[in-house]
Amino acid sequence: MIYREAGQYKTTYVSDSQIFPIAQDRYAVAALLVIAFLLIPLFATQYIFSAILTPFLILALATLGLNILTGYAGQLSLGTAAFMAVGAFGSFNFMTRVDGMPALVAFILGGICAALVGILFGLPSLRIRGFYLAASTLATQFFVLWALSKVPWFTNYSTSGVITTQKVQILGFKFDTPQSEYLLVLAIVAVMALMAKNMVRSNVGRSWMAVRDMDVAAEVIGFRIMRTKLTAFAVSSFYCGVAGALYAYCYLGTVEPEAYSLDLSFRILFMVIIGGVGSILGSFLGAGFIVLLPVALSIIVHYTGLPNSVTSNLELMVFGALIIFFLIVEPHGLARLWQIGKEKLRLWPFPH
Amino acid sequence: MKFRFTRLLAVSAVAVTTALSGALASAQEQFVPILSYRVGPYASGGSGFFGGMIDYFNLVNMSGGINGVKITWEECETEYNAARGVECYERLKKKGGGATVVEPLSTGIAYGILDRVGTDKIPMTTLGYGRSDAANGAVFPYVFPLLTSYWSQAAAMVKYLGDKSGGLDKLKGKKIVHLYHDSAFGKEPFPVLEAASKQYGFDLVKIPVPHPGNEQNSQWLQIRQANPDYVILWGWGVMNAVAVKTAARVGFPREKMLGVWWAGSEEDAIPAGDAAKGYSTMTYNTPGNYPVLDEIRKKVYGAKKGNLEDTSRIGSVYHMRGVTVGILYTEAVKKAQEKYGKGKALTGEQIRWGYENLNVDEAKQKTLGAAGMFPPIKTSCQDHEGSGAAKVQVWDGKAWKALTPNWITGDRAAVQKMVADSSAKYAADAKITPGCMK
């Protein structure tokens, strides 16, 4: 009843092709943005900003990147963290070596570096698929970390390969408090998420999905496989690269290449699977689930008063059990749950 | 009349505040966040280390606290993961009146909160790991790589191997393999070892082992071909036991292997079985039993407040390291109380001063029941390390035994010069003006 689009007439092509065709969706997204930009900064504490919201948003962006590649274009990748690392170390080098480099431009250039590396390591996808492609993207993961620790130039000749990021400053405004860092990350993530939402329904996005569903058929009806797959790698890596740069600049501050380990790649892949393969909303839900749930669990379990050696293990067990539960109940992820809910709401109160 | 009334009010207000602060003083408490890891691949070390810290805190509290100030703490599971560690740090830093020290026992977490501890004014100790150049307190006022850092360790290794060959000049023409974990950790000693190789004329062969290092056949084949005089094992986790076992398989004598201190715990030696016999490593704790450990056994474990489930692990390498962290914290607080008021709960900023003016000599260690347990330490603004000494221990098949009776210190002057250069570069990059804090 509340969620019904009856009476919303599309009278122009423009209104028919909006990003959010249903009015309620538009209001909800607008309200969410208002809350995130205005209300949260008023009430949240420093802990919420720097330990919960900022990492959540950054990882959601990386998940979005992987979701473009895996969910929309159907190319499985285990190299997400490597692309993030390229973005982070790329931005670091632009900031270090170019005087007066604006931070935002450095992030974008870092993302472009990641995109180029993505295209390079996406080339095997033209010949191999599925698990074999996963193995070749695994090579990206190892190669990039190896290169970062082997070539001292990337880390500006730091003896142990650890970099300390510069302070972010845009138009003279210093982003050095947790609150301002959160707002910066939020702005970047919001813009990029809207761009992604728009992209996946454009001809580029549709060609990705055609290739995902059956690449031979897509080729027969005239999609150029090479271009489609490589744009998917490029765009996905760009998103991951920007996320990696934010991870270094707005979250950790001092980073060793090990921070972008295979472990992180797997975590992001889990976020995609839990959140929903091939869904922008799912990227956020998945990141929320994997980032926030362990924290919530650890706080809850902590109040049970059990000894710490027990609570630490209990936390992992509950988390594992929840993942299995969700995957059995809804293998298409949290986004699918929301979709089902949305359909029910649209029909309610008349179920037929 | 009105005037008198205000004065009365003022007097009574003063009386109330003094009464209140008196009430507070009777229950002085100081908070320590414990970023522990008890699950995951490094849990065996973490449970011993943080168990040792908690055991010592319990002992201090049972003996009346630090001049009456009780230590409170709360644990948070980090799984040795940098992101989880940062979250834990942010969650706990304001609890219990504010964190007064943080010791994560993880390089990744230490880097993740390196900038934050300065802003939050909470001292961070990194015993035997982390940034070596943080020993310069003028650039890193809130970071304390207490006792010894990786660079000091590498220098001490060179000194020990020199002594073993009959003098540092005898190292000329010798071949030393540096078998390292291929990460920031494994590469940390490069500058020291390279400089020493130039100075003393030994041949340095660097062989990386990719993480996690449970397959090292090709590396040991290389070592056998190179036929070095010594092998430095700069490993972590499962890599250590595998290295020792593989060395036994290719017939390389374990007596010629020298491990880093993170390769020298029971958890590293026991899985290697008989192969580990005769294998030696560096350490910043002399293995053995001490009165303070007996006291922990008697008082803390006697009252069933001990943190370790397996009491045979009391006094194990990791447990003793945790106790050392506890002792150094207590001593830093005592020192800070001398300046800021005895029996008062202090802030992280005040305890930072205590860490910077720490002085635990042999006599002091004796009164603490820990004579010779760790090197005597005296810190200053220029030297947040305070000692730079280490010992060599050997595994006799059942337990670690001290191999060198005295503490070994490498070329301190050279290390300190490197610290100064490297921290100056950091300061320039991060636009910090170095300066000592009062």
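Here are some friendly notes on the two chains of this predicted model.

1. First, the ground rules. Residues count from 1 along each chain as its sequence is written, while chains are lettered from A and ligands numbered from 1 in the order in which they are written. Because this is a predicted model, local features need pLDDT of at least 70 and side-chain atom pairs count only at pLDDT 80 or more, whereas totals for chains, interfaces and linings use all residues.

2. Chain A holds 14 helices and 4 strands (DSSP runs numbered from the N terminus: H or I of at least four residues for helices, E of at least two for strands). Its radius of gyration is 21 Å, close to the 20 Å that the globule rule gives for 352 residues, so chain A is as compact as a globular protein of that length (the radius is taken over C-alpha atoms, and the rule is 2.2 Å times the number of residues to the power 0.38). The C-alpha trace of chain A spans about 70 × 60 × 45 Å along its principal axes.

3. Helix H3 of chain A, residues 46–72, deserves a look. From first C-alpha to last, its 27 residues reach 36 Å, close to the 39 Å expected at 1.5 Å a residue (that is, 1.5 Å times one less than the number of residues). H3(A) bends by about 30 degrees at A:Leu53, with a proline, A:Pro55, following within four residues (the angle is between axes fitted to the seven residues ending there and the seven starting there). Just after H3(A), A:Gly74 has a positive phi of about 75 degrees.

4. How many residues of H3(A) are buried? The count is 24 of the 27, so H3(A) is largely enclosed by the rest of the structure (buried means 20 or more other C-beta atoms, placed from the backbone, within 10 Å of the residue's own; exposed means 12 or fewer, and partly exposed lies in between).

5. Confidence in chain B is lowest in helix H1 (residues 2–25), at a mean of 47, and highest in strand E7 (residues 230–234), at 93. Where pLDDT is low, the predicted coordinates should not be read in detail.

6. Chain B is divided into domain 1 (28–148 + 288–388) and domain 2 (151–283), with bounds from an automatic or database domain assignment. Their centres, taken over C-alpha atoms, are 29 Å apart.

Conventions:
pLDDT is the predictor's confidence in each residue, from 0 to 100.
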